[in-house]
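Student: Hi! Could you walk me through this structure while I look at it?
Tutor: Happy to, just ask as we go.

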Amino acid sequence: MKVLIAAKSEGWDAMVSDRFGRAPGFSVYNTETNKLEWHSNTENLKAEHGVGIQAAQIAASHQAELVITGGNFGPKASEVLQKTGAKLVDYAGDITVKAAIEKFVK
Amino acid sequence: MQIAIASGKGGTGKTTLSVNLATLLSRQVERAFKVLLVDMDVEEPNSGLFLKGKLLRSEVKYRLVADWDEKKCTFCKRCANICEFNAIAYLGISVMVFPELCHSCYACSDLCPEDALPMIPHRMGEMKEFKLNDRLYFLESRLDIGVEQATPLIEQSRKEIRKMVDDHWITIIDAPPGTSCPVMEAVKDADIVLLVTEPTPFGLHDLTLAVETMRELKKPIAVVINKYGIGNNEVEKYCQKNRIPVIGKIPNLKEAAMLYSKGETLIDAIPEIKVEIENIYQGIIKLMEEKK
């Protein structure tokens, strides 16, 4: 299973982002390999509208089954993510990516 | 001739000036033209509150939005990649179009190799035409509740004017506030833009933004100071320094506010405002002649 976590920067010790669509990037955790892959969100940060949709599309492209953010999901992001069937965790708290994985995945 | 009345800041008196100027001009029989007042503040049109006329027609307005046809789609992702407005989500097994983000640009629809994104009409609002008398007509467009984009409806209103008027008409546009797309669309065909402001720091701040916007659009501008007498003289200093003609100063009168709150025009009740509105028109004419 893959888990997508909105994060402030790359790596295990980075903090979870409280913004989803405008997160600096996404850490994609693979439960089978126990590896973390970084997906930068720089392109979306420049966009005026529709960033939630784009971020949800990134989650879909990784076939993420669990999506975690520190804040909440916007209405459009939620709509798209619900369509993908992913499980959503919002208000994950002020924690690191590693802690989020331990708390919500393991 | 088309005169747009804009402001930057809201609540400065766009509607007051629009309604009173239109009414005054329509009554001057010696000037052989008809007047069309258009409320382009489609998100909250209010000129109509001051005008009691006969409804001539009412039309529902639509815009075209891309709609996904699952049966034809081969999931090539071209549509999501091309969309400039992030209105399309590509999910591998499904495509979602968000109508509120679609700008009706046709890019996805035209470039889809399978013709799987036909453009479908979506209702966005209503347009109504009223006749006040033989010389004064009023066009109002109103966006439906929940519709996010004002600009497409304003664009349709603007095109409607072209069908309705000729050289024997004066068109007065009551523009939306602000300096973003809706106001830029509303003033597009205007020969001159009057910027209504108030002599306060807020008024000056937003006037500055409005002036920059209109200069970007290369529109001739003039300033009207409403509620003259309150605040300070910084707006006048700014206009002088930037060589922007101030063609009217409407005094701040309690009586004017009271009439406004009852939905009445000011020119019949307050002679000094009537004179000032007439001066504003003379100021416009003078500026238009200088431009020739």
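Student: Which strand do five bridges join to β9(B)?
Tutor: That is strand β10 (residues 221-228) of chain B, and the two run parallel. In β10(B), B:I225 is the bridge partner of B:T197. Strands here are DSSP runs of E with at least two residues, helices are runs of H or I with at least four residues, and both are numbered from the N terminus. Two strands pair if DSSP finds at least two bridges between them.

Student: Before I go on, what sort of model is this, and how is everything numbered?
Tutor: It is a predicted model, where local features need pLDDT of at least 70, side-chain atom pairs count only at pLDDT 80 or more, and totals for chains, interfaces and linings use all residues. Residues are numbered from 1 along each chain as its sequence is written, while chains are lettered from A and ligands numbered from 1 in the order in which they are written.

Student: What is the mean pLDDT of chain B?
Tutor: The mean is 95, and 100% of the residues of chain B reach 70 or more. pLDDT is the predictor's confidence in each residue, from 0 to 100. For the model, ipTM is 0.82 and pTM is 0.83.

Student: Back to β9(B). Are its residues buried or exposed?
Tutor: Six of its six residues are buried. A residue is buried if 20 or more other C-beta atoms lie within 10 Å of its own, exposed if 12 or fewer, and partly exposed in between, with C-beta atoms placed from the backbone. B:I192, B:L194 and B:V196 point one way from β9(B), and B:V193, B:L195 and B:T197 point the other way.

Student: Which strands does β1(B) pair with?
Tutor: Four bridges join β1(B) to strand β8 (residues 169-174) of chain B, in parallel, and four bridges join β1(B) to β9(B), also in parallel. For the β8(B) pairing, B:A4 has B:I173 as its bridge partner. For the β9(B) pairing, B:A6 is partnered by B:L195, and B:I3 stands opposite B:I192.

Student: What is on β8(B) besides that?
Tutor: Strand β2 (residues 34-39) of chain B pairs with β8(B) in the parallel sense over six bridges. There, B:D39 stands opposite B:D174.

Student: So what is the strand order in the sheet?
Tutor: It is an open sheet of nine strands in chain B, with the order β3-β6-β7-β2-β8-β1-β9-β10-β11 and mixed pairing. β3 (54-66) and β11 (246-251) of chain B are at the edges with a single partner strand each, so one side of each has no neighbour in the sheet.

Student: Changing topic: which domains does chain B have?
Tutor: The domain assignment gives domain 1 (2-61 + 125-291) and domain 2 (68-117), with bounds from an automatic or database domain assignment. The centres of the two domains of chain B, taken over C-alpha atoms, are 39 Å apart. Chain B has nine helices and eleven strands, and buried residues make up 42% of its 292 residues.

Student: Where is B:N86, and is it buried or exposed?
Tutor: B:N86 is in the loop between α2 (78-82) and β4 (88-90) of chain B. B:N86 counts as buried because it has 22 C-beta neighbours inside 10 Å.

Student: And B:K218?
Tutor: B:K218 is in the loop between α6 (201-216) and β10 of chain B. B:K218 counts as exposed because it has 6 C-beta neighbours inside 10 Å.
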